[in-house]
Amino acid sequence: MTGIEYDDFLDLEYEPASTDLVCTFTIDPATDMSMEAAASRVASESSNGTWAALHVDEAELTDLGAVACGIDGSRVTVAYPADLFETGSMPQILSCIAGNIMGMKAVDSIRLEDCTWPASIVDGFPGPQFGTSVANELLDAGERPVLATVPKPKVGLSTSAHVDVGEAAWRGGIDLLKDDENLTDQAFNPFEDRLAESLAARDRVQEDVGERKDYLVNVTAETNKMLERVDLVAEHGGGFVMIDVITCGWSAVQTVRERCADHGLAIHAHRAMHAAFDRTDHHGVSMRVIAQIARLCGVDHIHTGTAGLGKLENEDTPGINAWLHGECHGLQPVLPVASGGLHPGVVDQLIDALGTDICIQAGGGIHGHPDGTHAGAKALRQATEASLEGVSLEADAEEHEELATALEKWGAE
Ligand code: CAP
Ligand code: MG
């Protein structure tokens, strides 16, 4: 019989195997606790240890212990053997690596910063169906960023008013109309009416302007309800659904991903509530890890912020986007979405910071244009095309009155 104790989970000589899931944490140990003691407790509690020394028959014991194998200041590396994890279950993975340890008294705070995912875990997940290829497989964006808009006010517009705003934006040069996060199926704007009327308007606009357009309809709901809505989107000829991935939960996202594959629908991931996990730099789960999880679960777009240019706090948008675009055991890359307080006057800086393989999403920055939504959409498209051509926004505004008015209103910061 052997006793498994907290100290058994620390080995600073251990080199993680390529098959391990390697997690990096920021840890602030509790008073009176060394970093080594705190790190070994984290590895223990998140794998197969507990607070009491256990007496287990070694012959019966599979070696599933995680190893706290690196300490660098407040950064701690923990390597988890892949056999600890059920194939293809994001909830099970998170119950280990971001579970009880978030509340352990051994740490004053702990933040899961980054994961290196081994092939054996990644292979259990579908990844995106389309990813960045939506720009040209489902839309006609060419080399420029995909452009999206969300009607404002967030809620309260009737179905026909909402559709009119969408139509004006599409005609002005926007590719994607998007629902806001708190618009789902309320009495003032019921889901199926909005879906049917928006897609009918989309078809009219496509016909007139000769560019593919689509609608990111918010299917967010209880999981079975969401599946019904996904089926409706397919029936009505939509190409995308939008899911609020944090509020729905990852198992729901996995279920919807399967149903979307049946219909060939792409998934736009909104991330309301992410800041409850990632806003502070010392506790919770980073946006980088949230984006990684979303990619494994198979979303095609995810909001990752505006590199500090908009109205919301952001965490390392360029670094997260680089991960979403980069290689991960053959998964499709995800299209990052920049959103939150954007307007035409910041598009050049946004593209400088994040490149062109992104979606630019603006609500107030289009509908708040002094000449209305159609002019606002034109201004965003003008600013995008000027930035791609290397023409300054001010110079382009001399040729385009919509952009000139937008710059007068909001400035070219
Ligand atoms: C943007 C937005 C988006 C946020 C999401 C809003 O509207 O519709 O939900 O940008 O944030 O409700 O605020 P505006 P993030 O363009 O009018 O600001 O992308 O950071 O997850
Ligand atoms: Mg919103």
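## Metal site

The magnesium ion (ligand 2) has Asp-180 (OD) and Glu-181 (OE) as its protein donors, lying 2.0 Å from it. Donors are N, O and S atoms within 2.8 Å of the metal (3.2 Å for Na, K and Ca); water is not among the atoms, so sites may look incomplete. Asp-180 has a relative accessible area of 3% and is buried (under 20% relative accessible area; exposed is over 50%, partly exposed in between; 1.4 Å probe, protein chains only).

## Basis of the model

This is a predicted model, in which local features need pLDDT of at least 70 and side-chain atom pairs count only at pLDDT 80 or more, while totals for chains, interfaces and linings use all residues. Residues are numbered from 1 along each chain as its sequence is written, chains are lettered from A and ligands numbered from 1 in the order in which they are written, and side-chain values use heavy atoms, with hydrogens and water left out.

## Helices α2 and α9

Helix α2 (residues 90-97) packs against helix α9 (residues 250-263) at an angle of about 155°, and their axes are 8 Å apart. Helices are DSSP runs (H or I, at least four residues), numbered from the N terminus; axes are lines fitted to C-alpha atoms over the stretch in contact, and angles run from 0 to 180 degrees between N-to-C directions. The two helices are therefore roughly antiparallel (over 145 degrees).

Met-90, Pro-91 and Leu-94 of α2 meet Trp-250, Ser-251 and Gln-254 of α9.

## Gln-254

Gln-254, in helix α9, is buried at 17% relative accessibility. Its side chain reaches the backbone oxygen of Gly-88 at 2.8 Å.

Terms used
Angles under 35 degrees count as roughly parallel, over 145 as roughly antiparallel, 65 to 115 as roughly perpendicular and the rest as oblique. Contact means heavy atoms within 4.5 Å. A polar contact is a pair of N or O atoms within 3.5 Å; within protein, one must be able to donate a hydrogen and the other to accept it, and residues adjacent in sequence count only if both atoms are side-chain atoms.
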